[in-house]
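Hi,

Here is the structure I promised to pass on.

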Amino acid sequence: MSFRPIFDAHLWDDVKASIYAKTAADVEFALRAPKRTLEDFKALISPAAAPYLEQMAQLSHQLTRKRFGNTVQLYVPLYLSNECQNICTYCGFSLDNKIRRRTLSGVEMLQEAAVLKDWGYEHVLLVTGEANQTVGVDYLRKAIQVLRVHFAQISMEVQPLDEPDYELLIAEGLHAVLVYQETYHQQDYKKHHPKGKKSNFYYRLETPDRLGQAGVHKMGLGVLFGLEDWRTDSFFTALHLDYLERTYWQTKYSLSFPRLRPAEGLLQPKVEMTDRELVQLICAYRLLNEEVELSISTRETPTFRDHIVRLGITSVSAGSKTNPGGYIVEPESLEQFEISDERSPQEIAAMLRRQGYEPVWKDWDAALTALSR
Amino acid sequence: MTPQPLCIAGRTFSSRLFTGTGKFSSAELMEEALLASGSELVTVALKRVDVADTQDDILRHLAHPQFNLLPNTSGVRTAREAVFAAQLAREALETNWIKLEIHPDPKYLLPDPVETLRAAEELAKLGFVVLPYIHADPVLCKRLEEVGVAAVMPLGSPIGSNKGLLTKEFLEIIIGQSRVPVVVDAGIGAPSHAAAALEMGADAVLVNTAIAVAGQPVQMAQAFRLAVEAGRMAYEARLAAPVAHAEASSPLTAFLD
């Protein structure tokens, strides 16, 4: 059993048409509903909900505070490698992009880690491209072994793996895995991922199932906004989340909202998502699901980020570099995408405190992971 | 609008009112009341019937095509005893459906979650369609789902208490996350309780005492039938909620202008 049959039962064009057919009455109904359904979610992300944005924001703010209190989690990405065998039309690490490839050694990882520790980080997100020869399971395993004594919480955003590989890495101390579908539009997915292991749509679609089977503590979902109609892609994300929560009920979930950013020599967004629309989506997710973590990265601008933390976001990154070695080892190597918010983690923490939020650096303990070993 | 039928383990029910067969003043009255209720699934306590007797008073009055029998394991105190009782019931009543109830405590008849989970796992492996009677415990429901039960039957309040949906908050969580049908069992004392359970999304209710000990059991059975239909219809029509007033506060989205 997996998400596949549920996905196959929902046709993209039908879903899209039904979202765009939602009316103001549907939105008002959804706003009042004590428990919101996926149909309500469609109404809340539809164009008909645009005039209700302030009301959605107020509700989202209240619900988020009720569940998460006055806290915001901080995490930071650690790019380990930009080697990649995939062609992705939007990504700086794409195989056909002629850049110098770099994979950090264990010693270099520790040098980078020292910078992040100085900043106060306890939660690190390991990021790589997909190069199974050099940056395969063995490499990831060693990275976790090297870093787990320095960080309380290790998350990972790398190529999809098989279930036994996830089991192995979880036993080594891996806490969370982020795997974005990029788009649920099957034909467009093929266009954007013409070559490499990533071109297998269903293997990627079923990755959260493999993670759930492997017993991961937390997983992150999302799509890349700019590839396809964001409303339809977001409905599929919500559908996927709904299925996963019912099935792998011991796992925690988070959602991210990456908007396509300029990267060297690559695709410009096919569909633009405005700030207003992104706020609408974040609030709609919160109104649908009061417990899910909502995360925002440094792809977004300082002004946007300063405001969005009050609208439903519960986790932010800060001080991020998106190139391997970017913190100290080799600051000039090529980045995956441009950062918009270049403020330091301390500046972000101060901004959160000014708004009445406590920045949370540590929310897990390596001892808890060791227990399950 | 035609109401959606309920499907459990491949069997379809047009009535979402399940009934018990205990506590009636006579088997004739039981029969009349159950027919009036429209129920298609009726529980039978193995301990109450004489399966060797083809003219058993209870079974004879349940011999209608619309009644599917759901034998229960009432009286057992452990998983081992429950599995034994289920096998006995399967042979005697020619059904692999079993309402699993293990209440070692004879005073309040509260279900033992540990023994129930053990028995459910074993019975599912043996090919039974298992419907366990349990506390309104959302985690236990997920654990039961994982071992292969066909539905879960959380209690609304202590059995026979007629107190209604005292476990409402937990029932809502169970209904919200369940992948198998949720049948609210025990404690439903009035048609309004049954309607409320269906309105909140329960797939069915099981009622016994409230019908059996009513002043007019047949009339009460009809009242439950209507309440269950109304509750389900309301659920499918989607209830309008009371308007929640947002706290007055400074605009959160003005920065977008």
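Predicted model: local features only at pLDDT ≥ 70, side-chain atom pairs only at ≥ 80, totals over all residues.

Let's start with chain A. You'll find 16 helices and nine strands in it. Its radius of gyration is 20 Å, while the globule rule gives 21 Å for 373 residues, so chain A is as compact as a globular protein of that length. Along the principal axes, its C-alpha atoms fill a box of roughly 60 × 45 × 40 Å. As for burial, 48% of the 373 residues of chain A count as buried. Looking at contacts in chain A with a separation of 6 or more, 78% come from residues 24 or more positions apart.

Now for where the two chains meet. Chain A puts 22 residues into the contact and chain B puts in 16 residues. On the chain A side, helices H5 (53-68), H12 (230-247), H13 (275-288) and H14 (302-308) each supply at least two residues. H5(A) gives the most, with eight residues. By type, the chain A side splits into eight nonpolar, six polar and eight charged residues.

Lys99(B) sits in strand E6 (residues 97-100) of chain B. Is Lys99(B) buried or exposed? It has 28 other C-beta atoms within 10 Å, and 20 or more make a residue buried, so Lys99(B) is buried. Leaving out residues up to four places away in sequence, Lys99(B) touches Thr43(B), Leu70(B), Pro71(B), Asn72(B), Leu131(B) and Tyr133(B).

Cheers

Notes: Residues numbered from 1 in each chain as written. Chains lettered and ligands numbered in written order. Contact = placed C-beta atoms within 7 Å. Helix = DSSP H or I, 4+ residues; strand = E, 2+ residues; numbered from the N terminus. Nonpolar A, V, L, I, M, F, W, Y, C, P; charged D, E, K, R; others polar. Rg over C-alpha atoms; globule rule 2.2 N^0.38 Å. Buried ≥ 20, exposed ≤ 12 C-beta atoms within 10 Å, placed from the backbone.
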